Amino acid sequence: MSNPDKGSRLYLFSIVLVAVLGGLLFGYDTAVISGAEKGLQAFFLGAPDFVYTDTIHGITSSSALLGCIIGAAVSGFMASRLGRRKSLVVAGIFFFISALGSYYPEFAFYEYGHPSFSLLIAFNIYRIIGGIGVGLASAICPMYIAEVAPSNLRGTLVSWNQFAIIFGQLVVYFVNFLILGEHTQPVIEKIGESIYAVATHSDPWTIATGWRYMFGSEAIVAGIFTILVCFVPESPRYLALIGKDAKALYVLSRINGRAKAAEILHDIKTTVDVKSERLFSFGIMVIFVGVMLSVFQQAVGINAVLYYAPRIFESMQMGNPMVQTVIMGIVNIAFTLVAVFTVEKLGRKPLLIWGSIGMAIGALGVAMSNVVEVAPIVPVVSIMVYSASFMFSWGPICWVLIAEIFPNTIRSQAVAIAVAFQWIFNFIVSSTFVPMYNMTLPGMGDKFGHCFAYALYGVICIAAAIFVARLVPETKGKTLEDMTALWLNRKNRKAKDGAAKTA
């Protein structure tokens, strides 16, 4: 039971725990392709009516990201019209449909186990449906957590959403590993420019069935999430925005206690009453900063590594790539916890800057490993450094800032735009990684592509550090309502400077 005078941390943590399950599904859905993509590629290489090229495989492996763009783009509309909770229920339903459809894309229309171009389209449609769920969850889960959390816990609790994303990826790495069991991934041989064939000694079970189980396993988590989210309260800030002050006060009281709840509701109503519903009412800079946070989070290339981790480790020829992928997942979990436990102490900006520098070192280390002869352990460790640096910085902190940086009256719209850009660049990076990674140059072979890809990501990491240092405000210790004053002051200061220059 919660104390109406003091509030209840247990109540707060229980509803946040349900919300972060959406983050777990986000991670699960986006990373399941890492174990399934080779079996999927081998399956469609057997299609008699079209040639399954490298480019088609890159698009198929990334097709869920198209849905992510759609889901993120409509998340603002849905969060404003349906509310945060109902929008998460819709996301859960999309996750569930996608999991079953990706497991059995032949449902009702095609013969089981016979690859064809039309079946490929059906499979991609199901993956896009799942992507819509990811896009909704990626925008609304951190928004919901930020809107229910007290200001002194907001950064930590939103960071737990990133922990759940990475934990979801680790879970699916384990699930894929267990599903594969004693079976082996198919051997894909290159027979022409961007054209591949399955080696005759490849495991037929992996090609016909293994990848299906990997996609279908998500249905269990999706069902649990969809049921549980029906029992959490609506965001108090959304309730205040639509005029349901009594309900907002009730939720705030259960979390913060009566006295503090009344104070918070007063601050919320003050910002809601400001007639500033238009997106650029607080200036262009707030939208620009939010969008660029999203762009840099993806442009540094992390998801290309996460989605294709087994393939990358296999190319390094150092042990079992699936085992190394699981190890990377454990490292990612550990360093995400660094952000969870330090974000309210160190602040957002220092973690982003140091993370960018660490990523640059790791990425450039991988690039140099393809130019200079080194032991295989060097690029493996470099990738771990690159990934770990992302996990204590851009992984969680970007979501924290996107959830808290925008004023109340434009938050749902602005978050939708920022997250849509995130998924657009996620798709660009993920769909171009394989062709770029496989580029060749006389004298270097495919090492040229390996070097170029990571050198590019390293340079972008350096640019990200400069962007954060110069333009991103520190939000540690500030309430969501403080964001209104912060951006209005920036806008007014810029207007005064402009007037002074023209005078």
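Which helix supplies the largest share of the nonpolar patch? Helix H16 (residues 377–391) does, with four residues; helices here are DSSP runs of H or I, at least four residues long, numbered from the N terminus. The model is predicted, so that local features need pLDDT of at least 70 and side-chain atom pairs pLDDT 80 or more, while totals for chains, interfaces and linings use all residues. Residues are numbered from 1 along each chain as its sequence is written, and side-chain values use heavy atoms, without hydrogens and water.

The patch lies on the surface and has about 750 Å² of accessible area together; among its members are Met368, Ile377, Val385, Leu441 and Met444. Met444 is found in the loop between helix H18 (411–437) and helix H19 (447–471). Met444 is partly exposed because its relative accessible area is 30%, the class between buried (under 20%) and exposed (over 50%), with a 1.4 Å probe and protein chains only.

Asn161, by contrast, belongs to helix H5 (residues 154–180) and counts as buried because its relative accessibility is 2%. Between Asn161 and His114 there are 47 residues in sequence and 39 Å in space, C-alpha to C-alpha.

Attention now turns to the lining of a pocket. Helix H4 (117–148), helix H9 (245–256) and helix H10 (258–273) each contribute at least two lining residues, and H10 gives the most, with four.

Methods. Patches are made of residues with over 30% relative accessible area and no salt bridge: like charges are joined within 9 Å, nonpolar side chains (Val, Leu, Ile, Met, Phe, Trp, Tyr) within 5 Å. Accessible areas come from the Shrake-Rupley method with a 1.4 Å probe; for residues, only the protein chains shown count as cover. A salt bridge is a side-chain nitrogen of Lys or Arg within 4 Å of a carboxyl oxygen of Asp or Glu.
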